[in-house]
Amino acid sequence: MAEDKKTMLQVEELTKFFKTPRGDLHAVDHVNFSIKEGQTLGVVGESGCGKSTLGRTVIHLHEKTSGKIWFDGKDISDVTKPQLKELRRDMQMIFQDPFSSLNPRMSVSQLIAEPLLIYKETKNSNELAQRVGQLMDTVGLAARLSNAYPHELDGGRRQRIGVARALALNPKFIVCDEPVSALDVSIQAQIINLMQDLQEERNLTYMFITHDMSVVRHISNDIMVMYLGCAVEFADSEEMFRQRLHPYTKALLSAVPIPEIGAKKERKVIKGELTSPINPGDECRFAKRCPFASEECFHKTPALEEVVPGHFVACHKVREINDIQA
Amino acid sequence: MANNILEIKDLTIHYVTDQETVKAVNGISLQIAEGESLGLVGETGAGKTTTALGIMRLVPDPPGRVIGGEIIYKGEDLMKKSEHEMRSIRGHQISMIFQDPMTALNPVETVGYQIAEVIRLHQNLSKRDAELKAMEMMELVGIEGARAGEYPHQFSGGMKQRIVIAMALACDPSLLLADEPTTALDVTIQEQVLDLIDNLKKQFNTSMLLITHDLGIVAEVCDKVAIMYAGEIVEYGTLEHIYNNTSHPYTQGLFGSIPNFNSKTHRLKPIKGLMPDPANLPDGCVFADRCPHAKDECRSGKLVTKEIEPGHLVRCRLFE
């Protein structure tokens, strides 16, 4: 649908291992994806699946173990410190917890001015105050709050500060790491609407990390499902909600409680919990919980392949389960 | 109509400090029938947890103070019970599942010991028998009894919550207060825990007060719903009443704020503004400032709760 748009971010075989005393923890394991300009990629999965690590690795908050990252046509896989500083103008992040991501000793205007000062964006204090005022206006913070401190504000307003800080340098791309998870639903909806408005106005590209399936459908163009460091399914949002092909995605989506009476469909309660991501063997990481697992699944890691046009799945049995001709 | 196991009448709980009075719960009334599940839905600070603590008589005093009201459990007013009598009710007849399993368990005792502790306190069993019963309870919630000798940190979040559930159900309570039992868990684990609670509830015919902010969970497990806002029950009814004939503007706002899972909506319709500070509640309707239908008369006088159809109560001037 957006064939003419240029690719903003492309990631190839991106891998991030953490060293632990018991071996390598495969937080992100050979992940590939791309996001077009002005679009949103939703990354979903449960805690510990590597979605946050992926977002952080993409913008060099973690250094990758291997793989390639292209941003806006440039290879940014390896960057020096000065290059990284320049890069951060264009790539920003909104953090999950508005309670711990803001310095409690800085006022709202100081918090929003900080990125502008670091990048020497303004010539004098008048201009700075003006820019801060504009940003506060953009994210819907009343001017009277400029001297307030984070502890005086509620979660929704704090998250608006987080959004204003991310927008301060006019970035092209923002990694949003669970930006609304800590908020009440009525406030959550306000922030989601704000982020959508900003995207339309400024042609922003988002990587939206969340565990909330309804939110991800609402905001994303494409959706990637992760399980224990691996991408297990990738498709555009409409396709993903029309048919889920990977057994994990099926279970994940059927587990979401729907606020309608009798919406409870067949329960696909999957047994067990996440296995350890430390030194995983050559097997499908979902095999131990999968109702369809066979011999093959325990001996070979499935690759992400295009099963239906535009719909990628990493599962040995995907055709068998879904009755798709090879 | 089944007998009401719990009936709350006009319960008011305030937190009083030198500087201010936080009006957490303001004259709420609720009924839970035997074997029934009531979902208590609201946002942070609506007074849901205070209500549950009030039922258990566990509101920290000071600063918490129960200003008035009755809590009738099986025909007896809990407010009139002595602390000693309450101790034999808590954990035995009424038990509570807390939101965060990580902090509800004692990190330096084995889980088996902690479950057995409840059993020994309320039932006349020897230490050995209590431990055996504890292992049985663990099996019931799907954890090997052999793991009774392990400590909480050796279990995952979902399993810890199962242990908390095992503890709550160990003495076969007739009323279970579950305070956001799955909020700290992932969806697939949440599904497992909800399934478990649902099955056990049917098996033991336990009544339940489920506190949550998730209308999806309520639709799945509850029979009746109470929507709480700024210390008041603004709407109360059966699932059909609340989901298919949503009447209070706040409840409508809640539904409008949730992205639809089954079809793509372009814009959400959030409720504008914020919940009022419970230390400084407005006159008249507490929701008036955020309400799209608010008129001048909403901002003064006392509101009455109106029954707009049998069993469906709404506290709003639009219906008076």
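**Reading chain A**

Q: What percentage of the 326 residues in chain A is buried?
A: Buried means under 20% relative accessible area, exposed over 50%, partly exposed in between (1.4 Å probe, protein chains only). In chain A, 55% of the 326 residues are buried. This is a predicted model: local features need pLDDT of at least 70, side-chain atom pairs count only at pLDDT 80 or more, and totals for chains, interfaces and linings use all residues. Residues are numbered from 1 along each chain as its sequence is written, chains are lettered from A and ligands numbered from 1 in the order written, and side-chain values use heavy atoms, without hydrogens and water.

Q: How many helices and strands does chain A have?
A: Both are DSSP runs, numbered from the N terminus: helices are H or I, at least four residues, and strands are E, at least two. Chain A has 10 helices and 12 strands.

Q: Why is chain A as compact as a globular protein of that length?
A: The globule rule is 2.2 Å times the number of residues to the power 0.38, and the radius of gyration is taken over C-alpha atoms. The rule gives 20 Å for 326 residues and chain A has 21 Å, so it is as compact as a globular protein of that length. Its C-alpha trace spans about 70 × 50 × 45 Å along the principal axes.

Q: Which residues does Gly42(A) touch, beyond four places in sequence?
A: Contact means heavy atoms within 4.5 Å. Gly42(A) touches Phe208(A), Val216(A), Ser220(A), Asp222(A), Ile223(A) and Met224(A), leaving out residues up to four places away. Gly42(A) sits in strand β3, residues 40-44.

Q: Is Gly42(A) buried or exposed?
A: Gly42(A) counts as buried, because its relative accessibility is 0%.
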